[in-house]
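Notebook open, viewer loaded. I want to look up a few things here and jot them down as I go.

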Amino acid sequence: MSRAKYVIVLADGAADLPVEALGGRTPLQAARTPHLDRIAREGRAGTLETVPEGMSPDSSVANLSVLGYDPRTAHRGRGVLEAASMGVALGPRDLAMRLNVVSVEDGRMRDHSAGHISSEEGRALARALHEALGGDGLEIHPGISYRHLLVLREALNPSDALRCFPPHDH
């Protein structure tokens with residue numbers, strides 16, 4: 001019995017705004033994309049609405065949807081996805097949050113990714129932060145570049161009312 005096999009290409013972050021220096025084209029429109037072109041030509045392409053109405057249109061919501069989960073019931077933020085990708089086990093009362101290293105200048109966020117610092121620099125900062133603040137149920141797990149994980153173990157009242165905003169939205 002033959003089973004169908006699928007490869008889903010999710011060009012997360014490929015949408016962009018036109019750039020004057022690129023002749024009014026987006027970076028994707030200006031890019032040389034022979035492999036993506038071939039996949040589109042030889043495969044099946046279409047559009048899919050991955051973010052339910054009323055939910056934040058971000059990749060953590062859309063990626064859950066693409067993976068077959070209903071983000072209206074399964075979405076618990078980017079932190080749980082970061083924890084899974086790092087192999088950090090979470091309990092039912094643990095709160096996981098994505099922790100970004102950012103650049104601040106004159107009291108204002110200058111860059112949401114700390115200039116896309118190297119993974120080595122990012123890990124050193126995350127380890128130093130864990131040494132300074134970790135313990136008593138607070139853990140900081142080093143990740144890649146500016147992306148890390150903050151876990152609060154046995155959080156008394158993990159709340160859906162907690163509102164955090166991605167640094168790149170500021």
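Entry 1: I'm working on a predicted model. I began with Asp106, which sits in the loop that links β2 (103-105) to β3 (108-111). I looked up its phi and got a positive value of about 55°, though Asp106 is not a glycine. Is Asp106 buried or exposed? I get 77% relative accessibility, and the cut-off for exposed is over 50%, so Asp106 counts as exposed.

I find it in the loop between α6 and β4. Its phi is positive as well, about 50°, and Asp136 is not a glycine either. With a relative accessible area of 88%, I put Asp136 down as exposed.

**Entry 2: the sheet.** Next I traced an open sheet of three strands, and I read the order as β1-β5-β4 with antiparallel pairing. Which strands are at the edges? They are β1 (95-100) and β4 (138-144), each of which pairs on one side only. From one strand to the next I get an average twist of 25°.

I then checked how β4 pairs with β5 (residues 147-152): antiparallel, over five bridges. I noted one partner in particular, as Ile144 is bridged to Arg147 in β5.

Two helices that pack on this sheet went into my notes. Helix α5 (residues 78-86) touches β1, β4 and β5, and I get about 85° between its direction and that of β1. Helix α6 (residues 119-133) also touches β1, β4 and β5, while its direction makes about 175° with that of β4.

**Entry 3: a pocket.** I moved on to the second largest pocket, which holds about 990 Å³ of space. I count 24 lining residues, and those nearest the centre are Ile8, Val9, Leu10, Ala45 and Gly46. Which element gives the largest share of the lining? That is helix α2 (residues 34-42), with four residues. Sorted by class, the lining of this pocket comes out as 15 nonpolar, six polar and three charged residues.

**Entry 4: Leu48.** Last, I looked up Leu48, in the loop between α2 and α3 (59-66). Its relative accessible area is 63%, so I log Leu48 as exposed. I also checked Leu48 against Ala62, 14 residues away along the chain, and their C-alpha atoms are 9.9 Å apart.

Notes: Residues numbered from 1 in each chain as written. Predicted model: local features only at pLDDT ≥ 70, side-chain atom pairs only at ≥ 80, totals over all residues. Heavy atoms only, no water. 1 Å grid on protein atoms, 1.4 Å probe; cavity = no way out; pocket = protein on both sides within 12 Å on 5 of 7 lines; lining within 4 Å. Points joined across faces, edges and corners; volume = space filled by probe spheres on them. Nonpolar A, V, L, I, M, F, W, Y, C, P; charged D, E, K, R; others polar. Pairing = 2+ DSSP bridges. Axes fitted to C-alpha atoms, helices over the stretch in contact; angles between N-to-C directions. Contact = heavy atoms within 4.5 Å. Buried < 20%, exposed > 50% of the residue type's maximum accessible area, 1.4 Å probe, protein only.
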